[in-house]
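Here is a short briefing for a first look at this structure. Please keep the sequence and the model in view while reading.

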Amino acid sequence: MYKELLNISATNLTTARDITQIGSFEIPPSYLQFVQEIGFGRLLGLFLTYIPMGENSLYCDALEQRNAHWKGIFQMYLEEYPDMLFFEEPDNKERLANAEPFLFSENGEVVFWDSRFPDAKGECPIYLVDFSIGIYLAGNTFKEFILNLTNETKVKTILKFAEHPLLKTFEPLSLETY
């Protein structure tokens, strides 16, 4: 499905194994399909995608390592900056406290699942946080996340400074050379 949705710049894909969890959190099926089909790289020219490699992976770019790192940063914001303007929005503190981060943009935004609300298929709402301006719903599945950011109208509700939709591209990266 994702190979048909995206323009992939190379054929050497680094894809995920059969790991379906980060700790006790079940990775939503739409992202599992993505990492098993497409894998590690740069999505839409902006977001670094990470693959699950196991809790004991030595790769700093394993999903488990990135997830733990960002959770620590989220916790720091909750503890040290409890009066941030975007925390005044209903539910944003709880949303961040229950976040399962999984993507990072080259502009500094972090994309996460709100683990409190899995649907019947195991999908969780996907949010994007830009600590300078807010937290925005980006989709309810990973495919919807991609479609929203590549849509002329919807991209501006998620990436507030975007002038154009992102391109439907994927650039594979190698864990050995990245």
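D91 counts as partly exposed, at 33% relative accessibility. Here buried means under 20% relative accessible area, exposed means over 50%, and partly exposed is in between (1.4 Å probe, protein chains only). The model is predicted: local features need pLDDT of at least 70, side-chain atom pairs count only at pLDDT 80 or more, and totals for chains, interfaces and linings use all residues. Residues are numbered from 1 along each chain as its sequence is written, and side-chain values use heavy atoms, with hydrogens and water left out.

**Positive phi values**

- D91 is not a glycine, yet its phi is positive, about 80 degrees.
- D91 sits in the loop between α3 (63-80) and α4 (92-97). Helices (H or I, at least four residues) and strands (E, at least two) are DSSP runs, numbered from the N terminus.
- L44, also a residue other than glycine, has a positive phi near 60 degrees.
- The loop between β4 (41-43) and β5 (47-49) holds L44.
- L44 is buried, with a relative accessible area of 3%.
- G39 follows α2 and has a positive phi, near 95 degrees.

- Helix α2 spans residues 29-37, and its buried residues are S30, Y31, L32, F34, V35 and E37.
- Helix α5 spans residues 142-149, where F142, F145, I146, N148 and L149 are buried.
- These α5 residues cover an arc of only 165 degrees around the axis, so they are on the same side of α5. The arc is that of the directions from the helix axis to the C-beta atoms.

**Overall build**

- The protein has 6 helices and 10 strands.
- Its radius of gyration is 16 Å, close to the 16 Å that the globule rule gives for 178 residues, so the protein is as compact as a globular protein of that length. The radius is taken over C-alpha atoms, and the rule is 2.2 Å times the number of residues to the power 0.38.
- Along the principal axes, the C-alpha atoms fill a box of roughly 45 × 40 × 35 Å.
- Of the 178 residues, 50% count as buried.
- Among contacts (heavy atoms within 4.5 Å) between residues at least 6 apart in sequence, 54% join residues at least 24 apart.

**Charge**

- The protein carries 14 positive and 26 negative side chains, and the centres of the two sets lie 5 Å apart.
- Lys and Arg count as positive, Asp and Glu as negative; His and the chain ends are not counted. Each charge is placed at NZ of Lys, CZ of Arg, CG of Asp or CD of Glu.
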